[in-house]
Each structure stands twice: as C-alpha cells, then as structure tokens.
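Subject: Structure handover

Hello,

Here is the structure I promised to pass on. Please open it beside this message and follow along.

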Amino acid sequence: MRDWTATAEAYDRSFATLCDGAAARLLADLPGGDLLDAGCGTGRLAQQAERAGRTVTALDADESMVEAARARLRGQVLRAALPDLPLPDARESAIAANFVLNHVGRPRAAHAELRRALRPGGRLAMTIWPAGGASWSALLREVFETAGAVLPPPERLPADEDFDRSADGLAELARDAQLEALTACDLHWDWRIRPEDLWAGLEAGIATPGAVVRAQTPPVRDRIQELLAARAADLADAEGHLTFPVRAAYVLAERPSDEEA
Ligand SMILES: C[S@@+](CC[C@H](N)C(=O)[O-])C[C@H]1O[C@@H](n2cnc3c(N)ncnc32)[C@H](O)[C@@H]1O
C-alpha cells in the first residue's frame, strides 16, 4: 500500500486537517479512560484525547509519523503496523482507527488483530473514505485533466482482501471479525484549508491525488501547481481558505462482552 515515509510534516499541514473532522465523533462514542490510537499519524486525535484527560497509547507504521506523534503526545507512541501489534490480548477498552483501515494491505487480518487487542465489551471506532469521490478530489481531477497529467493505475487490493468502501462494507468487515457493529453511518463536515497547505500535501505525494502529482514530469507538476493556484484564487474565501464538503464512512463496533477473552 501507499508509502508514508517522511511525510509527517506535509501531512500535518494538509490532509491531517481533513481527518480531524471525524475525531470528535470517535472520541465521543468511545468509553472514557485509556485509549489506543491505531494509525495515529501525527497524533492529533490522540492529543485531543489527552487534553480531555485520557491516557493514550498511539501507534503508527511510519517512522516520521511516530516521531511527530511523540513530539505531540505525553503517552507512549509505538512504531507498529497492522495486522501485527505488539500488544497483549484483550487489554484495550477503546480503540480509534481514524482513516487507517483504508490504507492497510490486509484489512480482514487488521480487524482480527484489533479485536484480539480489545477486551470483551471494548469498543473500536473507525472511519474510512467511501467510494464515489470527494468534492476536493473533483477539483483536483479537473486541474489534472487541464494540465495533461497522466494518471497512474489505481491502487487496488486483491479481490479476496478488498471490501466495499462504505459504512455498510466496513460494518461487514467488523462482523466478519466477530465484532458487533453498533453504528454504521456517514459523517459529514466541511474541510477548510489554505491552497498552499493543500499543495504541500500533494507535493509530498499524500492521498491518491498526491500520488498523481508525484507521477508527473516536473513541467506537468509545475502546470498543476499553477492551475491549482489560479482555481484556488477564484474559490477561496476572504481569509484565503478553500472549503470542501466532506463525507466519511464511520463504524462503531464492540467486542461482545458475553465471551471469554
Ligand atoms: C490518513 S492517515 C490517518 C492518520 C490519523 N489517524 C489521523 O486521523 O490524522 C493514515 C495513517 O495510517 C498509517 N498506516 C498505514 N498503514 C498502516 C498499518 N498497516 N498499521 C498502522 N498504521 C498504518 C499511516 O502511516 C498514516 O499515518
């Protein structure tokens, strides 16, 4: 799957602010007390949890993300990749996985591992990006087309690993891992971002449009940057921000409590 290496700084000023939009819902739905943040990125959700008085353990597969999260958090930050977590069985009462399960190579095994780490009655709150495209990526598709960008082949999991990219599809994955899906719905919010911060994320190759930018020759990349700046100048508000409506797929799942750990 996507290589996040050394992207933490660009991620934090760009797409982390997009993912922030779901954090409050995940934290509100998870039991108070200790929290495991799996795929913590630069540690922003975990920081909100700490500020609310929780004790957080965070983990991420990428070293630069781990370093950024360590700089931000009081709690322990582990470098670890799903589906192999260095955690004991059945310890966690609350796990957040915000926009992580859409990046793992083995989502079924990742669910099984998260279930293993949950204690009976423990809860897992998770988001993914649903299929169907996002408003911000529609703008970028238009810019790519005008710039004459060559699109790299889309990244797809093998059919036996892949799942329906929707709240229902994520809930089915949770049920396959013997978790009970308590909530499966879409979340909506607005993403406000400065064009230069969006460009920083794209230039660093983050998200699918970032991979498109990275795949271009330098002249095409420059053209994309120019076109994006021009479109952004038309679309930005008085404070220089772009605003995009966002939709995410959300599932809250529970490890049934009437079972042996
Ligand atoms: C879109 S970011 C989300 C980060 C964070 N949860 C947030 O809300 O900003 C995806 C994160 O998942 C991490 N990641 C990708 N594959 C992973 C895996 N197999 N195990 C753990 N983390 C992974 C990436 O390094 C990246 O930090």
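One caution before the details. This is a predicted model.

**Helix pairs**

Start with α6 and α10. Helix α6 covers residues 135-147, and helix α10 covers residues 218-235. They pack at an angle of about 130°, with their axes 9 Å apart. That angle makes α6 oblique to α10. The crossing of α6 past α10 is right-handed. From α6, the contact uses Leu139, Val143, Phe144, Thr146 and Ala147. From α10 come Val220, Arg223, Ile224, Leu227, Leu228 and Arg231. By class, this contact of α6 with α10 holds 8 nonpolar, 1 polar and 2 charged residues.

Next, look at α5 and α7. Helix α5 spans residues 107-117, and helix α7 spans residues 167-176. Their packing angle is about 55°, and their axes lie 9 Å apart. So α5 is oblique to α7. This crossing is right-handed. On the α5 side are Pro107, Arg108 and His111. They meet Leu173, Ala174 and Asp176 of α7. The contact of α5 with α7 has 3 nonpolar, 1 polar and 2 charged residues.

**A kinked helix**

Now turn to α2, residues 15-29. Where is its kink centred? On Ala22, with a bend of about 35°. Ala22 is also one of the buried residues of α2.

Is Gly32 buried or exposed? Gly32 counts as exposed, because it has 12 C-beta neighbours inside 10 Å. A residue with 12 or fewer falls in that class. Gly32 and Leu198 are 166 residues apart in sequence. In space, their C-alpha atoms are 34 Å apart.

Helix α3 runs over residues 44-51. Its buried residues are Arg44, Leu45, Ala46, Gln47 and Ala49. What covers them? The cover includes α2, β1, β2 (56-60), α4 (63-72) and β4. After α3 comes Gly53, with a positive phi near 95°.

Cys40 is in the loop between β1 and α3. Cys40 counts as buried because it has 29 C-beta neighbours inside 10 Å. The cut-off for that class is 20 or more. Which residues does Cys40 contact, leaving aside neighbours within four places in sequence? They are Leu45, Ala46, Ala58, Leu59, Asp60, Met65, Ala69 and Val77. Ala97 is 57 residues from Cys40 along the chain, yet their C-alpha atoms are separated by 7.6 Å.

**The loop between β3 and β4**

Strand β3 is 76-79, and strand β4 is 92-98.

- Pro83 is in this loop. The peptide bond from Leu82 to Pro83 is cis, with omega near 10°.
- Leu87 is in the loop too. With 19 other C-beta atoms within 10 Å, Leu87 is partly exposed. Leu87 and Asp258 are 171 residues apart in sequence and 22 Å apart in space, C-alpha to C-alpha.
- Ala90 is found in this loop as well. Its phi is near 55°, which is positive although Ala90 is not a glycine. Ala90 counts as partly exposed, with 16 C-beta neighbours inside 10 Å.

**One more positive phi**

Finally, check Ala207. Its phi is near 65°, again a positive value in a residue other than glycine. Ala207 belongs to helix α9, residues 207-214. Is Ala207 buried or exposed? Ala207 is buried, because 22 other C-beta atoms lie within 10 Å.

Best wishes

Definitions and conventions: Residues are numbered from 1 along each chain as its sequence is written. This is a predicted model: local features need pLDDT of at least 70, side-chain atom pairs count only at pLDDT 80 or more; totals for chains, interfaces and linings use all residues. Axes are lines fitted to C-alpha atoms, for helices over the stretch in contact, and angles run from 0 to 180 degrees between N-to-C directions. Helices (H or I, at least four residues) and strands (E, at least two) are DSSP runs, numbered from the N terminus. Angles under 35 degrees count as roughly parallel, over 145 as roughly antiparallel, 65 to 115 as roughly perpendicular and the rest as oblique. A crossing is left-handed if the near helix is turned anticlockwise from the far one by less than a right angle, and right-handed if clockwise. Two residues are in contact if their C-beta atoms, placed from the backbone, lie within 7 Å. Ala, Val, Leu, Ile, Met, Phe, Trp, Tyr, Cys and Pro count as nonpolar, Asp, Glu, Lys and Arg as charged, and the others, Gly among them, as polar. The bend at a residue is the angle between axes fitted to the seven residues ending there and the seven starting there.
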